Amino acid sequence: MARGGEYGQALLQRLLAGSAGDAGLAGAAGPAGESPLRHVTTIPSRAATAVEWPCWVPDRLRESLAAVGVAAPWAHQVAVAELARADRHVVVATGTASGKSLAYQLPVLAHLLADQQATALYLAPTKALGADQIRGVTALDLPGVRPASYDGDTAMAQRDWARSHARWVFTNPDMLHHGLLARHDRWARLLRRLRFVVIDECHAYRGVFGSHVALLLRRLRRVAARYGAHPVFVLASATVADPGVSASRLTGLDTVAVTEDGSPCGERTIALWEPPLLAELTGENGAPVRRSAGAEAARLLADLVIEGARTLVFVRSRRGAELTALGAQRALSAAAAEELAPRVAAYRAGYLPEERRALEAALDSGELLGVASTNALELGVDITGLDAVVLAGYPGTRASFWQQAGRAGRAGAGALVVFVARDDPLDTYLVHHSEALLGTAVETTVLDPTNPYVLRPQLACAAAELPLTDACVDSLGGDVARSVVAELVAEGMLRRRSGGWFWAAARQRPHPAVDIRGSGGHPVAVVEADTGRLLGTVDPGSACTTVHPGAVYLHRGDSFVVDELDLDSGIALVHPEEPEWHTSARSTTDICVVSTLDQRRCGGVSVTLGEVEVTSQVVGYLRRLPSGQVLDAVPLELPPSTLRTRAVWFTVSEELLEAAGLPLAAWPGALHAAEHAAIGLLPLVATCDRWDIGGVSTARHADTGEPTIFVHDGHPGGAGFADRGHAALTTWLTATRDAIAACECPSGCPSCVQSPKCGNGNDPLDKPGAIVVLDTVLSSLPARAAGRELDSTDLFVEQNVGTVEFTTADPHGWAGAGLGGGGGEGG
């Protein structure tokens with residue numbers, strides 16, 4: 001099939017027709033013959049705006065770039081380079097595959113060639129991206145540049161060489177924190193002549209992780225200044241709202257934005273796809289079941305590979321990546337295309353370094369035709385020539401959606417993007433309300449570096465690197481930082497001297513105990529018990545939900561079952577086994593109010609933002625067949641975990657519920673169903689993931705004395721999700737109500753009110769009652785202001801909340817459910 005501008009449309013028609021032989025099942029309609037296609041749109045192509053090379057670009061650099069296919073730069077690349085050379089901090093925020101790498105390579109490489117003593121630093125959020133970028137610079141073969149990698153995969157001898165000789169060090173925030181700043185005296189050569197700091201894919205730095213990185217960059221600037229260096233920061237970002245403001249918040253520096261995209265872009269066909277209901281199967285409590293997004297994506301991947309289309313499938317979890325690749329391989333074998341099965345693989349975090357590098361090379365060369373990946377390949381890895389991208393589930397933000405979609409058609413050719421909805425309230429809402437996904441501006445990347453749970457370890461590390469002065473404390477967090485410093489002094493961790501605050505334990509640095517990604521500690525190693533072979537790692541925050549005893553763990557298509565989880569030692573022991581089912585953990589949650597930050601009562605409804613303490617415990621797991629059918633529930637006894645965080649909650653008076661005609665016996669199920677759906681729809685306004693948040697509902701909560709629904713953040717101190725829900729409450733709850741009402745099921749299903757992590761087994765749930773509860777709440781709140789969406793100033797009086805901005809963080813898996821006659825789910 002020709003790869004012209006209408007190639008994506010042609011691929012879509014092939015999928016819908018199911019014309020790819022026996023594997024052509026992706027386009028199979030539901031029981032009533034309904035097409036899975038809910039919406040399709042075409043984004044037209046865009047021509048390039050090429051310009052001349054600036055006169056300051058050395059001949060040797062131009063020749064090297066020409067040798068790798070760069071004949072002339074695009075306008076935005078030169079605009080960024082000129083600003084950087086003029087000592088302006090700058091962020092380039094253009095589309096995927098728009099050549100952002102050259103925008104920062106030009107000023108950095110030109111300066112390194114002109115000044116043989118100058119150095120530069122590059123930071124990437126993922127190892128894959130960092131490895132890809134150093135390969136690109138190394139391929140230019142420029143004399144004296146001496147690029148070097150410094151990440152967790154770098155051997156000790158290579159780390160020593162990087163410290164002693166490298167002039168452009170490619171690293172990540174983790175190694176900047178643990179390696180470079182913790183022992184900055186060993187990096188004095190690099191820091192003394194540091195001219196540029198490149199922050200790639202800076203939109204990834206958000207929420208708790210982004211807050212840590214913001215303070216980390218302030219620490220870097222502080223240490224560099226100690227050696228006499230004041231580097232220029234050059235940032236690269238996906239298309240986001242207010243990139244200049246976001247970059248300035250991240251770096252603490254006034255940053256100029258370049259947003260006019262001069263790169264070419266091929267036509268993209270975008271299809272919104274809803275898998276059909278499976279008439280022959282029922283789910284939990286008899287609910288209807290749709291074909292899973294993973295199974296549908298596997299079918300699509302098989303069809304596309306048979307068509308010869310190089311395809312990347314994004315899935316939401318490591319296990320999902322393995323299952324999708326395995327499903328596609330089996331579909332290809334069943335379609336008498338066994339020779340194509342080895343050209344499909346999974347790519348995810350947790351693989352060993354040599355496995356990741358081999359997969360990246362195979363995908364880049366075309367040896368692999370299809371890859372199922374987590375968001376490890378979302379960021380700017382330069383994979384050219386992809387014909388199609390399939391998103392198995394909404395990635396959490398519109399910015400991530402467009403970033404993943406942009407992987408297709410990177411060379412300017414036509415391409416296909418298919419968004420496959422999960423059996424989930426938000427996904428279902430988006431495929432039926434395409435304007436909420438395709439017609440709405442991307443989110444602002446925002447963060448909160450004044451979160452005391454982030455400030456405390458960061459201030460301790462900063463003091464261990466260099467004594468803290470009054471000016472340092474003010475720059476790192478103002479009054480909040482001063483309060484945290486006072487606490488550290490009272491606990492004996494800092495000492496006040498005439499020169500500032502000093503770290504008290506000189507021989508014991510705080511850096512190793514600080515987890516900047518917010519995963520809660522050191523990773524849990526997954527080890528094959530009989531051989532001692534290390535298979536991979538999982539985050540400690542999700543260990544109880546992913547590698548609990550009895551859990552099915554997948555690694556590169558091989559299936560293992562967990563025998564034992566030792567949280568103290570950080571080890572999960574597994575044995576090889578290929579059961580026909582997969583597992584999903586169930587948890588319970590209890591919640592108590594610690595403090596109220598903002599509260600407003602409107603008639604019989606109150607809405608509150610505050611601090612809460614959440615206690616969660618994994619109590620069992622379900623064994624499910626690939627069809628979604630539940631085989632059984634297995635109990636577990638694992639230790640509880642306690643989280644102090646922020647929550648938004650609303651109460652409804654008993655009188656209002658009675659007046660609405662909702663019987664007392666229906667209250668627990670109605671509140672429980674409304675809570676599940678509200679959690680599912682919060683990512684629509686809060687740029688988070690369902691697994692970042694949790695909730696509890698109860699017919700009478702001890703702290704409120706009324707029927708109450710809580711939705712809480714899944715990170716210590718909060719990551720801003722509850723705050724955003726509080727500010728956009730009417731928009732959020734209206735979408736929640738509409739999603740429930742529009743669902744075609746009679747009494748509740750995963751597309752509306754059932755939760756995949758409900759510790760109460762999704763019982764009780766009352767779908768009609770949930771609509772009554774939400775209608776009652778919405779009718780009691782102030783109406784939307786004329787001509788605009790309701791915001792926090794329309795509904796709430798600000799009380800001790802401040803002006804801090806927030807956004808999402810890495811998924812944590814604080815699963816949970818159930819409280820006092822109601823129910824809940826953890827996040």
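Of the 827 residues in the chain, 59% are buried. Keep in mind as you go that this is a predicted model.

**Exercise 1.** Find how many helices and strands the chain has, and what share of its contacts between residues at least 6 apart in sequence join residues at least 24 apart.

*Solution.* Start with the count: there are 26 helices and 30 strands. Then turn to the contacts. Taking those between residues at least 6 apart in sequence, 75% link residues at least 24 apart.

## Helix 15

**Exercise 2.** Decide whether helix 15 is mostly covered or mostly open, and find the residue that caps its N-terminal end.

*Solution.* First, locate helix 15 at residues 425-432. Next, apply the cut-off: a residue is buried if its relative accessible area is under 20%. Seven of the eight residues pass this test, and the helix is mostly covered. The buried ones are P425, L426, D427, T428, Y429, L430 and V431. Finally, look at the N-terminal end, where D424 is the cap. A side-chain oxygen of D424 sits 2.9 Å from the backbone nitrogen of L426.

## A hairpin

**Exercise 3.** Describe how strand 19 and strand 20 pair, and say which residue between them has a positive phi.

*Solution.* Begin with strand 19 at residues 524-528 and strand 20 at residues 534-538; their pairing is antiparallel, over four bridges. Now follow the hairpin, where five residues lie between the strands. Among them is G532, with a positive phi near 75 degrees.

**Exercise 4.** Classify the packing of helix 7 against helix 9, then that of helix 21 against helix 25.

*Solution.* Take helix 7 (residues 173-181) and helix 9 (residues 207-226): the angle is about 40 degrees, and the axes are 10 Å apart. Therefore helix 7 is oblique to helix 9. The crossing is left-handed. Helix 7 makes the contact through P173, L176, H177 and L181, while helix 9 uses F209, V213, L216, R219, L220 and V223.

Now the second pair. Helix 21 (residues 667-681) and helix 25 (residues 767-780) cross at roughly 75 degrees, and their axes come within 7 Å. Angles from 65 to 115 degrees count as roughly perpendicular, so helix 21 is roughly perpendicular to helix 25. A670, L671, A673 and A674 of helix 21 meet G769, A770, V773 and L774 of helix 25 in this contact.

Methods:
Residues numbered from 1 in each chain as written. Predicted model: local features only at pLDDT ≥ 70, side-chain atom pairs only at ≥ 80, totals over all residues. Heavy atoms only, no water. Buried < 20%, exposed > 50% of the residue type's maximum accessible area, 1.4 Å probe, protein only. Helix = DSSP H or I, 4+ residues; strand = E, 2+ residues; numbered from the N terminus. Polar contact = N/O pair within 3.5 Å; in protein donor to acceptor, adjacent residues only side chain to side chain. Pairing = 2+ DSSP bridges. Axes fitted to C-alpha atoms, helices over the stretch in contact; angles between N-to-C directions. Parallel < 35°, antiparallel > 145°, perpendicular 65-115°, else oblique. Left-handed = near helix turned anticlockwise from the far one by under 90°. Contact = heavy atoms within 4.5 Å.
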